[in-house]
Structures are given as C-alpha cells and as structure tokens.
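Q: I have just opened this one and would like to talk a few spots through. Could you take me around?

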Amino acid sequence: MVVGGGVIGCAAAYFLKLAGVARVCVIEPDPTYAKAATPVATGGCRRLFALPENIRMSQFSIEFFKGEPDVQWKEGGYLFVVGAGHEKVLEANFRTQQDHGVKVELLDRGRIAERFPWMRNDDLALGVLSPEDGWLDPNSVLQGLRKKAQALAVEFLRDRVVDVYVSGTRVRELELASGVRVEADAVINAAGCWAASVAKLAGMDLPVNPMRRFEHYVELGKALPPMPLIKDPDRLVIRPEGRGYSVGLVDSHEPRGFNFDVDPRWFEEVVWPACASRIPAFEQLKLKREWAGLYDECELDGNMILGNWPGRLDNFYVACGFSGHGLMHAPAVGRALAELTVKGRYETLDLSRMGYQRVLDGVPYRETGII
Ligand SMILES: Cc1cc2nc3c(=O)[nH]c(=O)nc-3n(C[C@H](O)[C@H](O)[C@H](O)COP(=O)(O)OP(=O)(O)OC[C@H]3O[C@@H](n4cnc5c(N)ncnc54)[C@H](O)[C@@H]3O)c2cc1C
C-alpha cells in the first residue's frame, strides 16, 4: 500500500511494479492534487549537491527524466553564485561533484561577468555552473508517472488514510476515511506534508513540518539571452519559463503550518527588489501570477527521511522531509523504496545514511550544497 499519490507515491508504485510486486495500491484522496507540493514546484533538477547520495540520486533521476519526452526537460544549466567568505564551501562541493562525474565549471567574478554580462556581480566572489542540469514541468512528471504506474496495473484508491493498525512490529491494516479497512503486507508513507501525521498514527515521530513557499511568474518587456537557473546568496531563484521567468526566494524562518495564502507583500518587498538587484532588467518586470505551496521541511537537517524503523515498524517505510528536492529525486527514491520493500536492502545506491536512525540519534546528516 502506498499512502499518497504525489510524485513520490507514483514513483514508488511504478518501481514496485517493475520489481515484480503483484498488487500495488496507491491511496490518494485528491486526484486534482490541489494542495500537493508536486504540481506547484519550480521544476529545477540539479546535480549541484554536496552529499554523494544527493548527487547520485539526481544523476539517476535526471537520466530517467531525459528518457520521458512529455516532461518538457530543458537543459538550461544551473548557476550557483556566492559572495566573499563562501568560496571554500562552493569549491569543496565543486570537487565532490567532479569526483562523481558531474560536468561543472568554476567561474571567478571575471568569468561570471563575461558569461552573464546582464547580471550584477560586484558582490560575487565565485560561481559554479553545471551546464547539463535544468528544469522540467512538474505536473507533467506527476501525470506521466501516474500513467506509467496505471499502465502496469497499479490501483489508485480515492480515499484518505485515517488510522494505522500495528501488531507486534508490523502494520497490519490501514483504515480509510470511507470506513473501509485494508490489509497491508507493506506500507509506504509518501504523504508529503501530511506524512508526519500519518506516521504518528503508527507511533513514529518525524521532524517534518509544512513550510510555505511562494513561486512567482513574471515577464519582462524584452527577454534576456538564454540563461541557466540562477541561485544567488539571498536564496533567490530565477529561471526562464515560457515567455517569462519563474522566480522565488525561500524564507526558512517562515512559520510552519498548513498555510496556502499568498502574501503579496513578500513579492513586492522582498522578491522583486532581490530580482532587480541581481539582474537590473527585472526592475521593469510584470508580475503575471503567483502561488503558494508547501515544502515538507525536515527540521533535523533538510534531507529526506527514507526507510523503516527496524525492530519497531518493520514493514512501514517513510519517504518524506524532501525540503524542496522531492521532485528531482523522485525516480531514485521510487527505485530505493522498491528495493527496500522487496529485497529488504538497498541494491543500486546505499541510502542508509538518509534513514530514520539519524532521527532517533538526533544526528543531522546535513547538505551544504543548499545555499
Ligand atoms: C514552491 C515549491 C517549489 C519547489 N521546487 C522544487 C524544485 O525546483 N525541485 C524539486 O525537486 N522539488 C521542488 N519542490 C519540492 C517538491 O515539490 C516536493 O519535494 C515533492 O513534490 C514531494 O512530493 P510528494 O509526493 O512527497 O508530496 P505531494 O506532492 O504533496 O503528495 C503527497 C500526497 O499525499 C496525499 N495525502 C495526504 N494525506 C494523506 C492521507 N492521510 N492518506 C492518503 N494520502 C494522503 C496528498 O493528497 C498529496 O497528494 C518545491 C516545492 C514547492 C512547494
């Protein structure tokens, strides 16, 4: 049983089928995905991480996406730029990325100015460009994986898990909002921002909270030359989208909770000035659309929590806490969950350091590639 039919649940279901599981059922209350994180994501996919697990998950997932013509993959590249004092981290990550076979270039301020003359650079010290990273359409990824799962006879049940029955160290049954009870050999908890409350029903505490994050679509009078997705020291993200640009700025101090309201002041007072300061042409932008979505933020270290709780909940696998990277890692996570469920161990990529044990130990496994 897979709880939640967002990109993670659909990927898990698909890979479980590929692994030969006879019956796979996804329980998803809302086929329109009105509150799910997946359809509102920026769509960025990068190998620019510091932890080998994150780099290798991106490598597998990006190759997977490139084989799916409908996801609208755009290989525009990723550019991280930092100010003075942050060069060491960027350089260390650059070396790790190179060691893992990622195509990356280190750019000093002069090279940044040469390559991107329309971008302000006087406050920048260093950049790293990964020309083979890019972005895609999140909803197409979701719908594509859902269709692929359905084509392999995965069942989708329009319902919501409201209780979890555990006996010994195993989950035996799930109770659904409709009143139905379903038996389960294994359960994958892929309920995104709701995963912590589902886990709680089974007696498992997860340090994962909903964190609101805005996305804005803007247009300029005159488009700039082709550009990569840019992430700057203010955590501003800008990438091309259709005739315009998708922009956002993460506020990690945002109060946690299920808040989907758009606060227009955030764009006017924070995002627009940050855009205009980085790229002067954005002073003249027109805001066309904005929306809010939720990160399933892992408060321990900003990394996903993947796997079961050995000896306590042996057949209950969580996959949540993606903290803004779940879309780009979904195929790798789906493959990992299928291996764990069917074989009881990781076969292709060892993700045990992303497991629940670090939560029990209170020992973060932090990603320094997030700036
Ligand atoms: C604004 C924004 C920008 C982002 N940008 C990026 C990006 O550029 N790149 C990237 O990789 N990631 C990005 N992310 C993160 C990414 O969207 C998520 O990590 C990913 O979509 C998580 O997928 P999911 O399937 O776990 O969650 P969701 O898509 O939220 O799906 C969870 C599903 O569980 C269902 N559910 C809830 N409760 C229950 C229950 N009790 N029973 C059954 N089902 C239940 C819900 O209805 C929902 O459909 C972004 C997120 C936001 C909000």
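**A short walk through the model**

Q: Before residues, what kind of model is this, and how are residues numbered?
A: This is a predicted model, in which local features need pLDDT of at least 70 and side-chain atom pairs count only at pLDDT 80 or more, while totals for chains, interfaces and linings use all residues. Residues are numbered from 1 along each chain as its sequence is written, and side-chain values use heavy atoms, with hydrogens and water left out.

Q: Okay, where does A19 lie?
A: A19 lies in the loop between α1 (7-18) and β2 (25-27); helices (H or I, at least four residues) and strands (E, at least two) are DSSP runs, numbered from the N terminus.

Q: And which residues is A19 in contact with, leaving aside neighbours within four places in sequence?
A: Those are A338 and V342, where contact means heavy atoms within 4.5 Å.

Q: Switching topic, what is the order of strands in the open sheet?
A: The six strands run β8-β2-β1-β12-β19-β18, with mixed pairing, and two strands pair if DSSP finds at least two bridges between them.

Q: Which strands stand at the edges?
A: β8 (155-157) and β18 (305-309) do, each with a single partner strand, so one side of each is left without a neighbour in the sheet.

Q: How many bridges join β2 to β8?
A: Three bridges join them, and the two strands run parallel; within this pair, V26 stands opposite F156 in β8.
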